[in-house]
Amino acid sequence: MERLLSSLNNAVYGNDNITLIISIDKSDTDTVETFAEQFCWNHGEKIVDKHTLNMGLRRHMMSLDKWFASYNALIILEDDIVVSPYFYSYAKTCILKYSNDPQIAGISLYNFDVNYQTRLPFTPMKNGHDVYFMNCAMSWGEVWMKKQWKAFKEWLNLHEEFSYSPTLPGCLFKWGKNSWLKYHTRYCIEENKYFVYPYNSYSTNFGDKGVHHAGYGFDIAQVPLEMGDCHLKLPCSIDDDCVKYDGFFENKSICNWLGINDNSIIIDLNGLKCLSDKSFILSSKILDYKIIRSFGMDYHPIEANILMNNSGYDLFLYSTDVKCKNIHRLSINRLYTYYYHITSIPDFLRKIGFMNIAIECIRYFFIKIKSKFS
């Protein structure tokens, strides 16, 4: 928390008076409360909200909506986050632009450079704007706005159960009962609501050890921070020629590029979706259907291969009306060549270092053993 609050104190706020709310869940120590009380906030009022009962992550986060009686928007930062000096300017600009847009569920400060569902690099397509949109909620630095938060809470009251659905990413069902993020992501997918995402990240995540994270040293969530105060170019609305992704990190414009109605096709370049009875499937998987078009994997991001009509045999458009055995086989070497710019798996191992891999595996093993017996 000291690291987070230091980054907040060093941020740029212009002449705005900023209220800092430090919301502390109940624990068996008063160390955090003491630090919060002693912390000197240089930009306005400081409120230390000390809960008398331990609520856990989900109930704690859901309790924050009480502050909407006083504020129209809240910037939410958990204690393993650090912000860019210019995060406030970005957040304020986006709030002013999208606070009345019913299609927007929230604003992310963070930009993914890894697809957390596949653990592979993620590069969003650019088209001249400084933000893109995704049916995916964010917890590594986000903005909640009063109208959008109210709509989500009303939906949540009717959807407390979380049973399996093929329309949702499989990883959501592995997240614990304390997760509020899986509900917000489900809300975005099922109601077709979007989070605003910056191409340049205004927050980063250190992945420190905690109740919900083993903290074994992998920095998959650490991303570069925007260190300049940019004049943001934002699309006026969600329909204003902007880049949109679904909850599986699939570009929603691909249907238009192929000239196929989006109700007739499954877009599955990441190979994560459950395949249903649609007439067409565009996938990186080898399926036993008739191939009507195929594409290579050379352009970045991956969907650019479809836009550029890049010929090859890495991505396949299938007609599900005709079943047939396909001779093509996926190449693991090809996958690593495309995503990591290496020539082979041995080359990949050499670049990482066999010793580093062994050390990380041993550390992970001992952390798991320790947590099991502690």
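1. In which sense do strand 13 and strand 14 pair, and over how many bridges? The two strands pair in the parallel sense, over four bridges, with strand 14 covering residues 280–283. Within this pairing, Ile267 stands opposite Leu282 of strand 14. The model is predicted, and the points below should be read with that in mind.

2. The sheet that holds these strands is open and has four of them, in the order 13-14-16-15, with mixed pairing. Strand 13 (265–268) and strand 15 (289–295) each have a single partner strand, so one side of each edge strand is left without a neighbour in the sheet. On average, neighbouring strands here are turned by 20 degrees against each other, direction ignored.

3. For the chain as a whole, the secondary structure amounts to 11 helices and 16 strands. The chain has 374 residues, and 46% of them are buried. Of the contacts between residues at least 6 apart in sequence, 71% join residues at least 24 apart. The accessible surface is about 19,500 Å², and carbon and sulfur atoms account for 53% of that surface.

4. A second open sheet to look at has six strands in the order 3-9-5-10-8-12, and its pairing is mixed. Strand 3 (73–76) and strand 12 (244–245) are the edge strands, each pairing on one side only. Strand 3 runs antiparallel to strand 9 (residues 142–145), and four bridges join the two. In this pair, Ile76 stands opposite Glu142 of strand 9.

5. Helix 5 (residues 146–157) touches strand 5 (104–108) and strand 9, and the direction of helix 5 makes about 85 degrees with that of strand 9. Helix 6 (residues 181–191) touches strand 5, strand 9 and strand 10 (194–198), and the direction of helix 6 makes about 130 degrees with that of strand 5.

6. Is helix 6 mostly covered or mostly open? Helix 6 is mostly covered, as nine of its 11 residues are buried. After helix 6 comes Asn192, with a positive phi near 55 degrees.7. The largest nonpolar core has 42 residues, and those that touch the most other members are Phe112, Tyr132, Met134, Trp144, Phe152 and Tyr197. Two or more residues come from each of helix 3 (56–62), strand 3, strand 8 (131–134), helix 5, helix 6 and strand 10. Helix 6 gives the most to this core, with five residues.

7. Which residues does Phe152 contact, leaving aside its neighbours within four places in sequence? Phe152 is in contact with Met62, Tyr183, His184 and Tyr187.

8. As general background, nonpolar side chains in soluble globular proteins tend to be buried together.

Definitions and conventions: Residues are numbered from 1 along each chain as its sequence is written. This is a predicted model: local features need pLDDT of at least 70, side-chain atom pairs count only at pLDDT 80 or more; totals for chains, interfaces and linings use all residues. Side-chain values use heavy atoms; hydrogens and water are left out. Buried means under 20% relative accessible area, exposed over 50%, partly exposed in between (1.4 Å probe, protein chains only). Contact means heavy atoms within 4.5 Å. Accessible areas come from the Shrake-Rupley method with a 1.4 Å probe; for residues, only the protein chains shown count as cover. Two strands pair if DSSP finds at least two bridges between them. Axes are lines fitted to C-alpha atoms, for helices over the stretch in contact, and angles run from 0 to 180 degrees between N-to-C directions. A nonpolar core is a set of buried Ala, Val, Leu, Ile, Met, Phe, Trp, Tyr and Cys residues joined through side-chain atoms within 4.5 Å.
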